[in-house]
Amino acid sequence: MTRRFPLPPSRAGIPACVWFTGLALIPALVSTVWPPVSPLPVQVTTWALAIGIAAFTGNRWLKGQLSCPADPRVRDLFEGVPIGLYRSTPEGQILDANRNLVELLGYPNRGTLLATAAMRLYADPADRERWKAVVREKGEVRAFEARMRRHSGGVIWARQSVRAVLDAEGRIEYEGAIEDITERTSAERALRVSEERYGAAFEQAAIGLAEVSPAGRFLRVNRYLCERLGYAEAELLQMTVIEVTHPEDVSATQDYLDRAGETSGPYRREKRYLKKDGTPLWSLMTTSLVRTPDGGPAFFITVIEDLSERKRLEAQLLHAQKLEAVGQLAGGVAHDFSNLIGAIQGYAQLVERTLAPEDPRRADIGEIRKAGQRAAGLIHQLLTFARRQETQPQLVDVNGLVTNLGRLVTRVLGSDIKVSWGLTEDLPAIKVDPGQFEQVILNLAINARDAMPEGGTLGIETSLVQVDQSHVNRQRGSRPGPHVMVTVSDTGTGMPREVLDRIFEPFFTTKGPDRGTGLGLAICYGIVKQAGGNIWVYSEPGHGTTFRLYFPAVLEGAGALSLPESDPALPGGTERLLLVEDDPQMRALALRVLSDCGYDVTAAPDAETAMAELASGGLDPALLVTDLILPGVTGLQMAQALRAEKPGLRVLCMTGQADRVSSSSRRQQGFGLIEKPFTAQTLAQAVRDALDQQPSAISDQPSAN
Ligand SMILES: Nc1ncnc2c1ncn2[C@@H]1O[C@H](COP(=O)(O)OP(=O)(O)OP(=O)(O)O)[C@@H](O)[C@H]1O
Ligand SMILES: [Mg+2]
């Protein structure tokens with residue numbers, strides 16, 4: 001071991017050699033100045049001894065002087081280095097300390113510091129023992145960090161390096177250098193804390209995060225991203241962004257990577273990634289280039305927001321909008337068609353009546369009427385899909401309706417198909433037109449049958465479900481609250497995506513022109529929607545199909561239901577009628593039918609003409625037969641105005657598309673209704689019924705409309 005720092009002056013401040021030489025010379029001087037006490041030989045011996053001691057200690061002193069701070073430059077260095085230096089004994093005595101250490105530890109002067117036990121300089125005295133153990137083993141310790149106590153009691157972080165040396169007497173001493181790292185430590189700690197926070201936020205973020213090299217390699221990915229893409233972290237870190245990009249988005253991504261160095265600001269776009277299972281992941285990707293201090297590209301930080309849910313909802317919305325538009329179109333077309341078919345039907349019937357029973361042309365007319373009936377049926381269905389059908393919603397017990405349908409369903413299905421029932425008891429009622437509800441179940445059952453040509457099982461279940469907000473978020477068009485859910489499932493062929501996406505469109509069918517009209521599900525859709533419910537379907541090719549119908553539950557007062565039977569008799573009369581119809585063919589037909597039935601009919605094309613007729617006097621109709629939708633003043637408004645003038649006036653409305661507002665006003669005032677297209681029988685019957693209506697059923701209260 002070599003001595004690195006100069007020895008200090010002796011502990012008493014006066015060189016030891018002076019003391020020893022002085023002491024040795026005393027007996028020599030005494031023996032010389034007092035000869036009687038010491039004979040010559042004693043004097044010689046004493047002198048020799050004194051000189052020997054002086055020489056020996058002087059030599060020692062000289063030796064010490066060679067490495068002591070006698071060299072002012074060394075001492076200056078010791079004092080001046082911007083680091084605390086000290087020497088201490090293993091027991092803790094501080095032998096020396098430079099000015100810097102005195103200042104670093106905040107002592108008033110060197111003496112006070114030297115008078116302090118070394119272990120008291122440590123916030124935790126065990127720290128000193130720890131580095132001593134290392135020094136014992138290795139001879140030195142480097143960059144040992146410990147908290148040290150300043151004279152004021154304050155604590156600083158210090159880093160010290162210590163080594164053991166031997167002093168002149170061969171005893172172990174420690175030479176140490178100490179620097180204050182409090183500031184650096186707190187900066188480092190702040191950095192560490194910030195890195196830990198960033199790491200935790202990065203890892204736990206509920207959004208995909210990645211650090212990507214300028215060449216496109218993943219450097220860091222968070223758990224969310226791994227889960228969304230279906231890769232393990234280690235797998236992604238071996239991959240490039242391009243490898244997990246959907247083929248159709250590769251070129252845009254590559255372009256950005258190539259030009260990123262020239263751009264500034266974040267880059268944001270909707271993009272498809274490719275999951276491990278090969279399916280696309282729609283995302284909103286925002287990436288920013290982080291630059292090195294000299295401005296070069298360091299890495300990209302990329303934020304990946306999963307848009308799957310949004311895309312799904314957008315698709316649902318588009319689908320619903322499409323159906324809505326198709327519904328409007330279908331409704332409009334059906335309305336015009338119902339007038340045309342009404343005319344065809346009506347005139348065919350009139351011709352038929354003029355023919356003798358044995359006339360062979362009766363059969364031809366019969367065919368015309370049958371074709372007309374089929375067309376009328378189609379129009380009826382279209383109007384149902386378009387939700388423009390006059391309905392009679394009632395509180396119904398779903399289980400009762402479904403059970404009543406059971407026999408019919410079984411007959412429709414045939415013997416190869418089993419029906420499995422799962423009806424939950426004590427369900428609340430729902431409000432729906434019972435006939436329409438049955439139509440829905442039958443349509444679904446027939447579709448299921450067609451999907452199970454080899455046989456299978458049709459499941460019909462009912463249950464009460466609570467539609468919550470998360471369900472509403474997933475299923476557009478649904479509303480929160482209790483619903484009666486009717487599930488109709490089959491074990492049939494199932495449907496591929498492209499079919500599934502279109503099944504509710506009117507006239508969409510995969511069954512060929514002779515087998516299906518493609519109106520079945522369109523009608524189901526219209527009926528369920530009109531009842532305020534929602535329809536949901538799940539299907540996979542080869543795994544059957546499940547339809548779930550949600551009807552809002554009416555929790556109190558479910559009533560029994562009964563369906564009114566219509567009487568097809570053809571009655572006549574002689575009363576005076578006012579007929580208002582804008583469609584010339586329909587007007588002429590109705591005029592003809594009603595005149596044939598014996599009535600005295602005045603016809604008008606619109607409300608204004610009709611009211612003018614009335615105002616001219618002489619016309620006192622027993623019944624107003626009017627189309628609801630007229631140019632200018634509507635049939636309903638006219639009826640209300642006439643009723644105000646003539647309170648007992650009976651009114652029969654004709655309509656091709658009953659809208660709900662007018663129908664509620666109409667019912668409120670006891671107006672009758674006949675749906676177009678109608679036959680001569682139904683018109684005659686409806687007119688007779690309206691004329692025979694009890695006066696008490698006619699309300700004189702003007703409607704809010
Ligand atoms: N349960 C089912 N299983 C498999 N495919 C179905 C099922 N239900 C409906 N589909 C498919 O949806 C299409 C449309 O059904 P929709 O009931 O509207 O019309 P359709 O049955 O073809 O004709 P229509 O009901 O007028 O006789 C069907 O052609 C069929 O491809
Ligand atoms: Mg069908």
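Two strands pair if DSSP finds at least two bridges between them. By that rule, five strands here build an open sheet in the order β7-β6-β10-β9-β8, with antiparallel pairing. Helices (H or I, at least four residues) and strands (E, at least two) are DSSP runs, numbered from the N terminus. This is a predicted model, in which local features need pLDDT of at least 70 and side-chain atom pairs count only at pLDDT 80 or more, while totals for chains, interfaces and linings use all residues. Residues are numbered from 1 along each chain as its sequence is written, and chains are lettered from A and ligands numbered from 1 in the order in which they are written.

**Sheet β7-β6-β10-β9-β8**
- The order is β7-β6-β10-β9-β8. Strands β7 (218-221) and β8 (267-274) stand at the edges with a single partner strand each, so one side of each has no neighbour in the sheet.
- Neighbouring strands of this sheet are turned by 30 degrees against each other on average, direction ignored. Axes are lines fitted to C-alpha atoms, for helices over the stretch in contact, and angles run from 0 to 180 degrees between N-to-C directions.
- Strand β6 (residues 208-212) runs antiparallel to β7, and three bridges join them.
- Val212 stands opposite Phe218 in β7.

**Sheet β2-β1-β5-β4-β3**
- Another open sheet has five strands in the order β2-β1-β5-β4-β3, with antiparallel pairing. Its edge strands are β2 (94-97) and β3, and each pairs on one side only.
- From one strand to the next, the twist averages 30 degrees.
- Nine bridges join β4 (residues 155-166) to β5 (residues 172-180). Ala158 has Asp180 in β5 as its bridge partner.

**Shell around ligand 1**
- The shell holds 22 residues, and Asn447, Ala451, Thr509, Gly516 and Gly520 come nearest. A residue is near a molecule if its C-beta atom, placed from the backbone, lies within 6 Å of it.
- Helices α14 (434-451) and α17 (520-530) are the elements that give two or more residues. The largest share, four residues, comes from α14.
- By class there are nine nonpolar, eleven polar and two charged residues. Ala, Val, Leu, Ile, Met, Phe, Trp, Tyr, Cys and Pro count as nonpolar, Asp, Glu, Lys and Arg as charged, and the others, Gly among them, as polar.

**Positive phi outside glycine**
- Ala143 lies in strand β3 (residues 140-149). Its phi is near 50 degrees. Ala143 counts as exposed because it has 9 C-beta neighbours inside 10 Å (buried: 20 or more other C-beta atoms within 10 Å; exposed: 12 or fewer; partly exposed: in between; C-beta atoms placed from the backbone).
- Asp426 sits in the loop between β12 (417-423) and β13 (429-432). Its phi is about 55 degrees. With 6 C-beta neighbours inside 10 Å, Asp426 counts as exposed.
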